[in-house]
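Please look through the sequence and the structure shown below. The paragraphs that follow lead through charged pairs, strands, core and backbone.

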Amino acid sequence: QVQLVESGGGLVQPGGSLRLSCAASGFSIWRFGMAWYRQAPEEQRELVAQIGADNFLRYADSVKGRFTISRDNTKNSVFLEMSSLKVEDTAIYYCHCPAPGYWGQGTQVTVSS
């Protein structure tokens, strides 16, 4: 059974940091690009960061310099390091494997004082 399971979300103050993890099971991620998306209330889901199978990186302009996506194929996992968090980063964050179209269930990130 294919699964993408996100973890690491929570409540953090503005300026703080969080590290999201996405553990894949039922398939191996090494052949695939992986991505993080987010969806804020009443907003469309948007791409946050993408990492290719060759480790090519792509970031949304709004998170450049603050977020870092990485992968560990030996752990079949993808990560999102988030720093200098802002209130507008509040959203549900989803792990996504575009080629086969797999999505995780999401993890809530709330940035608030």
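A salt bridge is a side-chain nitrogen of Lys or Arg within 4 Å of a carboxyl oxygen of Asp or Glu. This is a predicted model, in which local features need pLDDT of at least 70 and side-chain atom pairs count only at pLDDT 80 or more, while totals for chains, interfaces and linings use all residues. Residues are numbered from 1 along each chain as its sequence is written, and side-chain values use heavy atoms, with hydrogens and water left out.

The structure contains five salt bridges. A network of such bridges links Arg38, Glu46, Arg66 and Asp89. Within it, the side chains of Asp89 and Arg38 meet at 2.9 Å, N to O. This pair connects distant parts of the chain, 51 residues apart: Asp89 belongs to the loop between E8 and E9, and Arg38 to strand E4. Strands (E, at least two residues) are DSSP runs, numbered from the N terminus. Asp89 and Arg38 are both buried, where buried means under 20% relative accessible area, exposed over 50%, and partly exposed in between (1.4 Å probe, protein chains only). By contrast, Lys64 and Asp61 are exposed; their salt bridge has its closest N and O atoms 3.0 Å apart.

Another salt bridge joins the side chains of Arg19 and Glu81 at 2.7 Å, N to O. Because Arg19 lies in strand E3 and Glu81 in strand E8, the pair ties together parts that are 62 residues apart in sequence. Arg19 is partly exposed at 43% relative accessibility, and Glu81 is partly exposed at 35%.

Strands E3 and E8 also take part in an open sheet of four strands, ordered E1-E3-E8-E7 with antiparallel pairing. Two strands pair if DSSP finds at least two bridges between them. Strand E1 (3-7) and E7 stand at the edges with a single partner strand each, so one side of each has no neighbour in the sheet. Five bridges join E1 to E3, and Ser7 has Ser21 in E3 as its bridge partner.

The largest nonpolar core has 29 residues, and those with the most contacts inside it are Trp36, Leu80, Met82 and Tyr93. Such a core is a set of buried Ala, Val, Leu, Ile, Met, Phe, Trp, Tyr and Cys residues joined through side-chain atoms within 4.5 Å.

Most residues other than glycine have a negative phi. Asn55, however, has a positive phi near 70 degrees, and Asn76 has a positive phi near 55 degrees. Asn76 is found in the loop between E7 and E8 and is buried at 15% relative accessible area, whereas Asn55 is partly exposed at 46%.
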